[in-house]
Amino acid sequence: MFLKTAIDTLQDSVPRDCGAFLPELVLCTGIVVLLLLRLFSAFDRWHLGWLALGFTGIALAAAYDQWFGGIDWIPTPEQFRAEAGSADLFSRMLVYDYFTVFLRLFLLTFALLIIWLSLLTGIPDREDSADFYTLILGATVGMSVMASTNHLLMMFIGIEMASLPSYALAGYLKGRRQSSEAALKYVVYGGGAAGVMLYGISLLAGRFGTAYLPELGAAYVASVGQGAAGFDPILLLGTLFVMIGIGFKLAAVPFHFWCPDVFEGASAEVAGFLSVASKGAALALLARVALALGGIRTLTTGAPPVMNPMVHYLVPTLAVFAILTATFGNLAAFYQNNLKRLLAYSTIAHAGYMMMGLATLRGEGVRAVLFYLIAYLLMNLGAFAIVAFLRNQTGSEDLADYRGLVRRSPWMVITLCIFLLSLLGVPPLAGFVAKFQIFAALLKGAQDYATAAPTLSTWLIVTLVLGGINSVVSAVYYVKVMKTMILDERVEDVEGKEPVRLREPVPSVAFAVVLAGAVAVFLAFWSPLQKAGDQVAPLVKQSDRIAKGSQP
Amino acid sequence: MNPIPLHHFLAVGAILFALGAIGFLARRNLIVMFLCAEMMLQGVAINLVAFARYRGNLEGQAFTLFILTVAACEAAIALALILMLYKSRGSLDVSLWQELREPGQEPTIDEEPLPPPQREEPLPKLTPAGPEPHHHEEPSHV
């Protein structure tokens, strides 16, 4: 009898759930098709990047439809919730809300851009193209699962689905020793971190008897709410271990050590992919976990404030990690003489800024982080793309070979300068808008916490001040790169050779100019993005309810 | 019969995990490092199954199945990579891979060299087999 009801429920829910999971299913089909085509020798002469581009495009269209609605059998999160009664997919493993769809749009757009970039730079040659794009699509599926996870098991599987292809991608330049070394370091650290995280998961799931995030959040509140009597070493250890796993994916200090080495060894395209997509997915995961445990509540609206006790622990913890990550990333970047390594530290620092937004544990903070992710996609992808284009021409990524490059490759250098200025946060570029949002969210959070929890308010103010100082410090190394490229003497003049103007293929310049243009006019998209951020608000309300202990 | 209490299982799981973690950090042989990482996962599996038995459901077992699958994928990638690395350097020593590091930082050289490779004992030599020697017909003694 029990089995029959279970099967009936499954029959009801699976077709509906598949509509909500459509973008991932399209990507999976793409993977299978790519692998099958690899079997036929006739396709060896084709560059399969176009096929991968096509599948990603279809998936993106499906995700677009999920956001705006239109086709009947692809439900928007709102319709889905009305029909199914909850936002949970596949027996509570995943959750389908606007946050999920936002991250899907983000990841798929990025995958589209990175495939386009790889077609321009020609990193996978024709024979290997199927493998390369299989790995890219597979990692994208994993990251998208990470962003929609609602269960500790899916959290682990999502992280692994994203990591395993990344390991192979890091070692993709088979002939180069550095690439192999990068893959080795990534696999070794990744395997260790996965083991530690799993141990944490086993402790938490065992301690509370559930791995479903909302229930876990309620259990945390019940346990921590007892004060000192509720102190539980298993709880502490489990949380710590899970946080180590997430922090590793996020490259948060002190779990960042793999990041510079992997970025330096891997090709610039792969480094760009890891820096944006992997980090975006890890941040989304951190946001989900932190919100499930810490639960945002609105302190402003009339109801008497019910403080979620977890907030007192989570806000300082996240703030400390965010400050450490941003500061360390900015300080270490200063000494680098390899551009990819420098960008790796800059990536770490930016992860720190985004964690500052999450540290508020409030709707504004999450919205600011989503805003930041878009800006970060444009400017970081741009910077890594230029590094790849210039590598194809000069064969080097050392800062020493960038001396006086503006006279040999003006378009590339000028667009790179735009991206670097944006990363630095110079108005009116994208990076400035994004940082402004984060700092505004911190200030707003500090004001809102001021009456109910003055300590937290102080924490957020300290974070804000240190974030501002960090922004100033980061100017040093971004400006150093620009000075090297623009003001320094040409390498050829120093070495007494005839300077050659570098080739700048039109499609590559077009790619760079489009991204730089988007970075420059980003300010114009302020209000549509703000509106998109507001649509993610149901996530905030949902965790609000959970924080109060009622059923979602 | 007394059932074995939960904390005994958890202790075994914790010991396995800790041994794996120590080996993972201390060993220099690539393959042994990965074996240690797998051992950490086995500790986790014991934990999960013990909790599932304690609570009387099958969630821990389901969890464990997924962990085993993922661990197999990870091992496949790691072993393929190790094979590639071994082909390029001819050694499994992880300290040979230090090209990528901070500018100005010296490579970490272990003072204590690896133990010299054990000389393999030559296999015992058997007399080469030939055609069966001619046996003289023995007269029957019966």
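These legends describe close-up views of a predicted model.

The model is predicted: local features need pLDDT of at least 70, side-chain atom pairs count only at pLDDT 80 or more, and totals for chains, interfaces and linings use all residues. Residues are numbered from 1 along each chain as its sequence is written, chains are lettered from A and ligands numbered from 1 in the order in which they are written, and side-chain values use heavy atoms, with hydrogens and water left out.

**View 1**
Helices here are DSSP runs (H or I, at least four residues), numbered from the N terminus. R391(A) has a relative accessible area of 14% and is buried. Buried means under 20% relative accessible area, exposed over 50%, and partly exposed in between (1.4 Å probe, protein chains only). The side chain of R391(A) makes a polar contact with the side chain of E269(A) at 3.0 Å. Another polar contact, at 3.1 Å, joins the side chains of R391(A) and N392(A). A polar contact is a pair of N or O atoms within 3.5 Å; within protein, one must be able to donate a hydrogen and the other to accept it, and residues adjacent in sequence count only if both atoms are side-chain atoms. Leaving aside neighbours within four places in sequence, R391(A) is in contact (heavy atoms within 4.5 Å) with residues including T121(A), I123(A), S267(A) and E397(A).

**View 2. Helix 11 of chain A, residues 258-265.**
Eight of the eight residues of this helix are buried, so helix 11 is largely enclosed by the rest of the structure. Among them are W258(A), D261(A), F263(A) and E264(A). What covers the buried residues of helix 11 includes helix 7 (152-170), helix 8 (177-208) and helix 10 (233-250) of chain A. Helix 12 (268-294), helix 14 (339-359) and helix 15 of chain A are also among the covering elements.

**View 3. The interface of chain B and chain A.**
Here 35 residues of chain B are in contact with 43 residues of chain A. The size of an interface is often given as the accessible area lost when the parts come together. The area buried between chain B and chain A is about 3500 Å², and carbon and sulfur atoms give 72% of it. Buried area is the accessible area (1.4 Å probe) that two parts lose on being put together, summed over both. In chain B, F63(B), E74(B) and L100(B) lose the most area to chain A, together 20% of what that side buries.

**View 4. Polar and charged pairs across the interface of chain B and chain A.**
The rule finds one salt bridge across this interface. A salt bridge is a side-chain nitrogen of Lys or Arg within 4 Å of a carboxyl oxygen of Asp or Glu. R341(A) forms a salt bridge with E102(B), with the closest N and O atoms 2.5 Å apart. Helix 1 (6-26), helix 2 (30-55) and helix 3 (59-89) of chain B each supply at least two residues of the side that touches chain A. Helix 3 of chain B gives the largest share, 13 residues. The residues on this side of chain B divide into 25 nonpolar, four polar and six charged. Ala, Val, Leu, Ile, Met, Phe, Trp, Tyr, Cys and Pro count as nonpolar, Asp, Glu, Lys and Arg as charged, and the others, Gly among them, as polar.

**View 5. Aromatic pairs.**
The whole structure holds 24 aromatic pairs over all chains. The rings of Y64(A) and F68(A) have centres 4.7 Å apart and planes at 45°, so the pair is tilted. Rings of Phe, Tyr and Trp (its six-membered ring) pair if their centres lie within 6.5 Å; planes under 30 degrees apart count as stacked, over 60 as edge-to-face and the rest as tilted. F68(A) is exposed, with a relative accessible area of 56%. F132(A) and Y172(A) form an edge-to-face pair, 5.0 Å centre to centre with 65° between the planes. F132(A) lies in helix 6 (residues 129-147) and Y172(A) in the loop between helix 7 and helix 8 of chain A, so the pair ties together parts that are 40 residues apart in sequence.

**View 6. Salt bridges of chain A.**
R104(A) and E24(A) form a salt bridge, the closest N and O atoms being 2.9 Å apart. R104(A) lies in helix 5 (residues 98-121) and E24(A) in helix 2 (residues 22-39) of chain A, so the pair ties together parts that are 80 residues apart in sequence. Both R104(A) and E24(A) are buried. E504(A) forms a salt bridge with R501(A) at 3.7 Å between the closest N and O atoms.
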